[in-house]
Amino acid sequence: MRPVLLLLLLLAVVVSAEPKVPAVYVFGDSTADVGNNNYLPGDDAKANFPHYGIDFPHQRPTGRFSNGYNGVDFMAIHMGFRRSPPPYLSIVNETHTPILRGLRGVNFASGGSGILDTTGSTIIMTKQVQDFAALTSNIVSHTNASRAKYLLSRSVFLISSGGNDVFAFFATNSSPSAAQTQQFYDAMVANYSIHLKALYDLGARKFALIDVPPIGCCPYSRSQHPLGACIDGLNDLAKGVNDRIKLLLANLSSRLDGVRYTIGSSYNVVLNMIADPAGVGYKDVKSACCGGGKLGAEASCSPNTTYCGNRNQYLFWDRIHPTHATSARAGLAFYGGSLEFAAPINLKQLVEE
């Protein structure tokens, strides 16, 4: 039996008879997208073709930037769902569904987007929140205001974003001044705050944020370094954003009644894997499994590129995104891990409150 298939079967045992929360609402970028970009015109930021999805059930490319599931899928599994809720654009015209009764949830994430609406050319975060507002109105009309308020207050709002903003800033400011860096941080915090407050006003109370990973160590970044090393400038920016988002959430939770939150540290999860590959059974933590050229990162993963056979031993699937195996480990760390990987509480504790 293939290791990835075995992992799927083992995780299936984790799924509860009943979900532990009414619904999960997902916002963010390609680390969370499960197919919204499939419905957009053009070819920008899409993963609905081979070899994506080679380890997804029926080897189906769904739009996930993975060989199988992404981190959101695994967090949803731990919360008692089959996997991530469906992409919003796949259900936007449906009129009879548990989703409209405030159950199961919806995934609004769009690969290529960021916290800043100037990042990318796909579904910006402001539009993702607006789409949720439209859904909320439908939930109220299919239930009632009191029932909708209760369900939303018990549901989990999961946000995984920020990496594209860091990439975009660094692309035009590889040696930024202190003032430029501070201006970037201020913009990130201000915009993140706007999005969180908008969701709060729509009924969100339980927030699960995933921080920015050490994107300076992904194969694409390493391929830009003459020695294949991590790009420290990118990692420093990512950590700077993460530190400020922690402060933002601590501040918001003290000012907004009923807010509870967890921040899953993809930054620490990935750095731990890089520091001790053997400890997680990895043979390669630098190269892309699917791609071409230096570190498999000079050519994007596509039907015309090669891919590795031992995918469960690779940290990265393509030149930016993690493998199914990495996402499984990260999802478990965010759900039930220690303070190093999820703070101030983990996702399990958030769900059970």
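This is a predicted model: local features need pLDDT of at least 70, side-chain atom pairs count only at pLDDT 80 or more; totals for chains, interfaces and linings use all residues.
1. Strands β1 (23–28) and β2 (104–107) run parallel to each other, paired over four bridges.

2. Residues are numbered from 1 along each chain as its sequence is written, and side-chain values use heavy atoms, with hydrogens and water left out.

3. Back to β1, which is mostly covered: six of its six residues are buried. (Buried means under 20% relative accessible area, exposed over 50%, and partly exposed in between, with a 1.4 Å probe and protein chains only.) A23, Y25 and F27 point one way, and V24, V26 and G28 the other. In a regular strand the side chains alternate between the two faces of the sheet.

4. Zooming out, the sheet is an open one of six strands, ordered β2-β1-β3-β4-β5-β10, with mixed pairing. β2 and β10 stand at the edges with a single partner strand each, so one side of each has no neighbour in the sheet.

5. Now for the β5 end. Strand β5 (residues 260–264) has four of its five residues buried, so the rest of the structure largely encloses this strand. With β4 (residues 206–210), β5 pairs in the parallel sense over five bridges, and A208 has T262 as its bridge partner. With β10 (residues 342–343), the pairing is antiparallel, over two bridges: I263 goes with A343 and G264 with A342.

6. Which residues of helix α5 (residues 145–154) are buried? They are A148, L151 and L152. Seen down the axis of α5, these buried residues fall within an arc of 95°, so they line one face of the helix. (The arc is taken from the directions from the helix axis to the C-beta atoms.) On the other side of α5, S146 and K149 are exposed. (Contact means heavy atoms within 4.5 Å.)

7. N144 caps its N-terminal end, with a side-chain oxygen 3.1 Å from the backbone nitrogen of S146. (A polar contact is a pair of N or O atoms within 3.5 Å; within protein, one must be able to donate a hydrogen and the other to accept it, and residues adjacent in sequence count only if both atoms are side-chain atoms.) A148 is buried, with a relative accessible area of 1%. Leaving out residues up to four places away in sequence, A148 touches I139, V140 and T143.

8. D131 deserves a look. This residue sits in helix α4 and is buried, with a relative accessible area of 9%. The D131 side chain makes a polar contact with the side chain of K127 (2.5 Å). Leaving aside neighbours within four places in sequence, D131 is in contact with Y88 and F108.

9. On to the rings: the whole structure holds 16 aromatic pairs. (Rings of Phe, Tyr and Trp, the last by its six-membered ring, pair if their centres lie within 6.5 Å; planes under 30 degrees apart count as stacked, over 60 as edge-to-face and the rest as tilted.) Y52 and F65 make an edge-to-face pair, 6.2 Å centre to centre with 70° between the planes. Both residues lie in the loop between β1 and α2 (71–78), so the pair ties together parts that are 13 residues apart in sequence. Y52 and F65 are both buried. Elsewhere in the list, Y25, F27, Y88, F108, F132, F157 and F207 form one aromatic cluster.

10. Last, N67. This residue is in the loop between β1 and α2 and counts as buried, at 0% relative accessibility. Not counting residues up to four places away in sequence, N67 touches G53, I54, D55, F56, R311, W317, T323 and H324.

Methods:
Two strands pair if DSSP finds at least two bridges between them.
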